[in-house]
Amino acid sequence: MELIRRGGELGSLERLLTGAGQGRAAAALVTGSPGTGKSALLEAFADRAAAAGATVLSALATPAETDLPHGVVGQLLSGAGLAPAGPPPAGTSAGPPPPGPPSADPPPVAPHGPAALHDALCARAAAARPVVLLVDDVHHADEPSVRCLLYLCGRLPATGALLVLAGQRPAEPSVPLAELLRHPRSTTAVHLEPLPEDAVADFLTSAGAGVVEPAAARRLARPWHGFTGGNPRLLHALLDDHRGCGPVRPARPVAGAAFRQAVRGCLRAAGPATHRAARALALLAGDATLTLLARFLSDSEHNVALALEQLDATGLLDAGRLRHAGVRAAVLQELTARENARLHARAADVLHHHGAPPPAVAAHLLAAAQDAADPAPAWARPVLTEAASHALRTHRPHHAAQFLRAAHPAPGDAPPPAYVRELARAEWETDPAAVLRHLPALEHQLAAPKKGDPAHTVTAAGLLLWHGRAEGAARAAAALGRTPHGQELGAALAGARPGGGPALAVPDVDALTEQVLASALHAHAPAPSVAALLATLLHAGRTGNADRWCAQTTGAEPARTTPARHAVLAAVTAVVHVRTGSHDAAARYAGRALALLGPAAWGAAVGVPLSAAVRAATALGAHEEAARLLRVPVPEHMFASWAGLYYLMARGHHLSATGSHRAALGDFHACRDLLALWNTPPDGAADWRPGAARARRELAADGTDTDPAALLTPAERRVAALAAAGCTNRAIAARLYVTPSTVEQHLTNVYRKLSVTSRADLATLLGAGARPAATAGAS
């Protein structure tokens, strides 16, 4: 590891080396937090000492060898060529070698007793070369070796050696280690701090960092320093990840595999207590306080504070929190799923009993539930439910649904109505198709209404309307009467099932719809029926109001709305742009609406974005795109709503533009029959007559029979349209409130006037693609 801004520290050690060569033996202690470069400093000094002619003996203490007696001293003696001998025979003690003729090689020395290293160095004291002893991570040294080093410190002048120890000051060192680290013979104390910001720029322009131009280095220095805290080990790891990004390197730091490994290395070097404190910080995140950390760790606040100081000195903290998400991920990466669940359960328990808000506790309960061996505590369910309500109010429906699922009643217990309603509401906000499984339970709730919050009734009814279940919503609207909530639901019902009741008579429907639109825009309240409400207004031609809403929704920030709400707003905006002739914008917004929600998720409202997209594509001449959109499956019940009528109108215009005039005429006539069925005049966006007139003109120009349905009476046209859609006589009679014999009489006249003999021939002649009455399709 290349040294950056360590010239002063290296110079201090070189001066001690010079003194040792002149007979002034000394000791030095190099300290610093993990990753600050203690080992790199010792390596650089070892190279310079060897170049200066000194004999360098090195040893590295590791946690794995802490219980290995004389492990560190053995490394030093091996480097000196004094191989450690085996243990002395019983009843003997280690001592000086027996007298005899001197040999060329130093005799083996048994590392037993504190004097072993001292005696070995004294045996070499006559040599002209100074001896440098380097012990890295001395805080991990075995106790017998520490005693040898302590013995040596008191007798250094006799050896002519320089002793350099590098390591940390443990919170609770053993007595020999404490004496060694504060020995008065250590005349020089070298402490390494993380690098400042300007030193990071030097690091980036150094030879080891590669080719980083000075201007780029100055630009990167601040974010890289903020990302690493100036820790050299983290800087080198970040550089490795930066290089690994390939030719297109990001401007911002990236916490890749090397960086995460370096973080874990720093934590292991800092010791178990500091590592545990880092995990507690990672789990508690923004909720962490000194008191909570101490409770989580079952330790004293004093000890936790010491661990936090160590983390801060290492550069892993910023304002008392883990520096960024990359550090947090590295801290938690080595946890097993079971350990992670256990720690999150512990965090939830500590936070709950400390009075933390439900959302903070629920997040840990949710994480603990991923792989929990033990059941959740009794207090968990109400906390999760309250957290879900808070998540809905703060526009986080995905979290709300997760909390509610985690709070699911025990197997065999019937879920309470409020639970089903809130879960369905939360799921609608992100994926309305997920609500399908809740529809029977919602219909059951509305079938037996009870006194309570009418807003809950509107929520359940709106979810039913979205998926074409108008009957339950109609009963709810009748039960609410002419209250504000009843008027809102009645207006929505008019859009979902036109002509099905007195909903169009709701007073000031413009103001009501604008209020619901604002609710959908700002997510103040559930509004799954907003598309139906706006369709009710748009069909009446109130483009002025729609323009104002369009301007309002166009400026909406998607991040502040849920996927479903944003999709509805995009679809409504697309419809308005079609009405005003801005077809490029209409195509863009319609595409956004269909991208946010798939066709299945749109339910009965899918005709709103599809019709806008088809009309825009047709106007822009993109007929293949319009044909592709028309191949998207749509639900049968859509054709009983305004969305279905808009879809038929859009398809009719596309067919007419591509030369299929008879099929287009069939779609326009289907619109005519729907409006007649709903007792609604053909005006505004629902005026089918211009399109039908154009199709008839084109057919007349081709010499083709114009309108076969013109030969029929209005009653016969209604029966013929339903029969062409595949309805049986009984279903047609039920739909039109007539007897089956009347239906048979009308069909006989229809077959005679149009010269057909079957429903299939009738469907072909009238343009069978239109299915205006989905609910009449049952036999």
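**Notebook: helix pairs, cysteines and positive phi**

I looked up helix α33 (residues 642–657) and helix α34 (residues 661–677) and found that they pack at an angle of about 160°, with their axes 7 Å apart. The axes are lines fitted to C-alpha atoms, for helices over the stretch in contact, and the angles run from 0 to 180 degrees between N-to-C directions. Helices (H or I, at least four residues) and strands (E, at least two) are DSSP runs, numbered from the N terminus. The angle makes α33 roughly antiparallel to α34; angles under 35 degrees count as roughly parallel, over 145 as roughly antiparallel, 65 to 115 as roughly perpendicular and the rest as oblique.

I noted the source conditions next. This is a predicted model in which local features need pLDDT of at least 70 and side-chain atom pairs count only at pLDDT 80 or more, while totals for chains, interfaces and linings use all residues. Residues are numbered from 1 along each chain as its sequence is written, and side-chain values use heavy atoms, with hydrogens and water left out.

Back to the pair: α33 passes α34 in a left-handed crossing. A crossing is left-handed if the near helix is turned anticlockwise from the far one by less than a right angle, and right-handed if clockwise. I listed the contact residues, among them Trp642, Leu645, Met649 and Arg651 of α33 and His661, Asp667, Phe668 and Cys671 of α34. Contact means heavy atoms within 4.5 Å. By class, this contact of α33 with α34 has 12 nonpolar, 4 polar and 2 charged residues. Ala, Val, Leu, Ile, Met, Phe, Trp, Tyr, Cys and Pro count as nonpolar, Asp, Glu, Lys and Arg as charged, and the others, Gly among them, as polar.

I then looked up helix α28 (residues 563–580) and helix α29 (residues 583–596), whose axes come within 8 Å and cross at roughly 155°. α28 and α29 are therefore roughly antiparallel to each other, and α28 passes α29 in a left-handed crossing. The contact includes Pro563, His566, Thr573 and Val578 from α28, and His583, Tyr589, Arg592 and Leu596 from α29. I sorted the residues of the contact of α28 with α29 into 12 nonpolar, 4 polar and 1 charged.

Ser611 was the next entry, and I placed it in helix α31 (residues 607–619). Ser611 counts as buried at 6% relative accessibility; buried means under 20% relative accessible area, exposed over 50%, partly exposed in between (1.4 Å probe, protein chains only). Leaving aside neighbours within four places in sequence, I found Ser611 in contact with Tyr646, Tyr647 and Ala650.

I searched the whole structure for disulfides (a pair of cysteine sulfur atoms within 2.5 Å) and found 0. Cys266 is buried, with a relative accessible area of 1%, and Cys727 is buried with a relative accessible area of 1%.

I checked phi next. Most residues other than glycine have a negative phi. Ala285 has a positive phi of about 50° although it is not a glycine. I located Ala285 in the loop between α12 (272–284) and α13 (290–297), where it is partly exposed at a relative accessible area of 33%. Tyr737, also not a glycine, has a positive phi of about 60°. I placed Tyr737 in the loop between α37 (729–736) and α38 (740–754), and it is exposed, with a relative accessible area of 75%.

Last, the chain totals. I counted 39 helices and 7 strands in the protein chain. Buried residues make up 50% of its 779 residues.
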